[in-house]
Amino acid sequence: EERPEPSSPRRVSQYACQRRTTITNHNKIFTDAFEVLVEQAEFNENEGRCLAFMRATSVLKSLSGAVRCLGDLEGLPCLGDQTKAVMEDILECGKSSKVQEILSDEKYRALKLFTSVFGVGRKTAEKWYRKGHRTFDEVHADDTIGLNRMQKAGFLYYSDILKGLSRAEADALGRIVENTVRKIVPDAIVALTGGFRRGKECGHDVDFIITTPALGEHEGLLGRVVNKFQYQGILLYHEHQESTFDLTKLPSRRFEAMDHYEKCFLVLKLKRGLVEMDSQMDDAAQRQWRAVRVDLVVPPITHFAFALLGWTGSRQFERDLRRFAQHERKMLLDNHALYDKTKKVFLSAKTEEEIFAQLGLEYIPPWERNA
Ligand code: DCP
Ligand code: MG
């Protein structure tokens, strides 16, 4: 197997799943700017532009040093004229005029604000903007707008949720989730996934995959876990989605489609004192708890590795795993399964390592998937 020299940027793969990307980003000045452009393209439903800037962002995150001039980009994939023009601006003036323009754009600012609410997606934000709203006060004052349960919780716990969680808080939650689950099924598996599994220091939520070694024992588990949270007085909000899992279905081509496992989107009370108190005490900090977002996903044990791989992310790493599978291997991959289109068979796997091996990819550990 060919293994590119770490110092040579000339053999960087166009696929994020063939690059090693730690949380250390030497090119934040560029990737922060690109992330604004990605978001703007998303709001405008410009898929091509969105993808171009996402891929460029991801390539820059994988580099072992800062880009100091456009010449440093020679040989790197996914960096087209548009991305280079933005980078040139930043190299010359310290910032991009295009990005500055977007950051002060009225529509961008309103959509960015609205989508920062848990339960408010691009479409809802757009609807509110079209009604002429620019602030939360205007949204709340409009009685033609009906908020769903999730959005109500989103506004109720807005500042707590926006603040996200630290590593220490995620670990404290992990202990709570694990203790609760193990009271029901003593040998249950509770695996931290998402950004914290990749080694991130903070995140917008904590994601867990829960399953049981005995097939079938996972059924009904999630409902009982949520009941226990309620009983403990820490359940602030939950949306339970039943499994729509179908073993005969082929892996979905569409990345953004949610998977079919039983899952629960939660807002839980995290008691203070489990982790260090904040030094500055604002209103919310006077309380003895704060609201945090938690996602629990429950696949059957037979599909644990696929669920874990799919939920570990990053989003770009997942996108490129699927793209690699399809274009380089004629295989379909999603959070449930891997299907070989040539042999017309499902390829099973017990571990992430096995999935990488089935794809003919060098194994990339979670902390190097921050693409
Ligand atoms: N995921 C997915 N399909 C979706 C949503 C998420 O495959 N429709 C995967 C990719 C994500 C992971 O799940 O990396 C966790 O999703 P999060 O939104 O929680 O993202 P992160 O945990 O990576 O970041 P953070 O929570 O810090 O924002
Ligand atoms: Mg997460």
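**View 1. Aspartate 295, a partly exposed residue in a predicted model.** Let's start with aspartate 295, which counts as partly exposed because 16 C-beta neighbours sit inside 10 Å. To count as buried, a residue would need 20 or more. Aspartate 295 belongs to strand β7, which covers residues 289-298. Skip its neighbours within four places in sequence, and aspartate 295 is in contact with Asp205, Asp207, Lys263 and Phe265. Keep in mind that this whole model is predicted.

**View 2. Aspartate 205, a buried loop residue.** Now hop over to aspartate 205, found in the loop that links β3 (202-203) and β4 (206-211). Is this residue buried or exposed? Aspartate 205 has 20 C-beta neighbours inside 10 Å, so it counts as buried. Apart from residues up to four places away in sequence, aspartate 205 touches Arg293, Val294 and Asp295.

**View 3. The annotated binding site.** In UniProt, an unreviewed entry gives the annotation "binding site" to Asp205, Asp207 and Asp295. These residues are spread over 91 residues of sequence, yet they cluster in space, with a largest C-alpha distance of 7.3 Å.

View 4. Which residues come nearest to ligand 1? Out of 16 residues around it, they are Gly194, Gly195, Gly203, His204 and Gly313. The elements giving two or more residues to this shell are α11 (194-197), α14 (304-312) and α15 (315-329). Sorted by class, the shell holds eight polar, six charged and two nonpolar residues. Domain 3 (162-308) and domain 4 (309-368) each supply at least three residues to the shell.

How values were computed:
Residues are numbered from 1 along each chain as its sequence is written. Chains are lettered from A and ligands numbered from 1 in the order in which they are written. This is a predicted model: local features need pLDDT of at least 70, side-chain atom pairs count only at pLDDT 80 or more; totals for chains, interfaces and linings use all residues. UniProt positions are given in the numbering used here, feature names are shortened, and annotations may be inferred rather than shown by experiment. Helices (H or I, at least four residues) and strands (E, at least two) are DSSP runs, numbered from the N terminus. A residue is buried if 20 or more other C-beta atoms lie within 10 Å of its own, exposed if 12 or fewer, and partly exposed in between; C-beta atoms are placed from the backbone. Two residues are in contact if their C-beta atoms, placed from the backbone, lie within 7 Å. A residue is near a molecule or strand if its C-beta atom, placed from the backbone, lies within 6 Å of it. Ala, Val, Leu, Ile, Met, Phe, Trp, Tyr, Cys and Pro count as nonpolar, Asp, Glu, Lys and Arg as charged, and the others, Gly among them, as polar. Domain bounds come from an automatic or database domain assignment.
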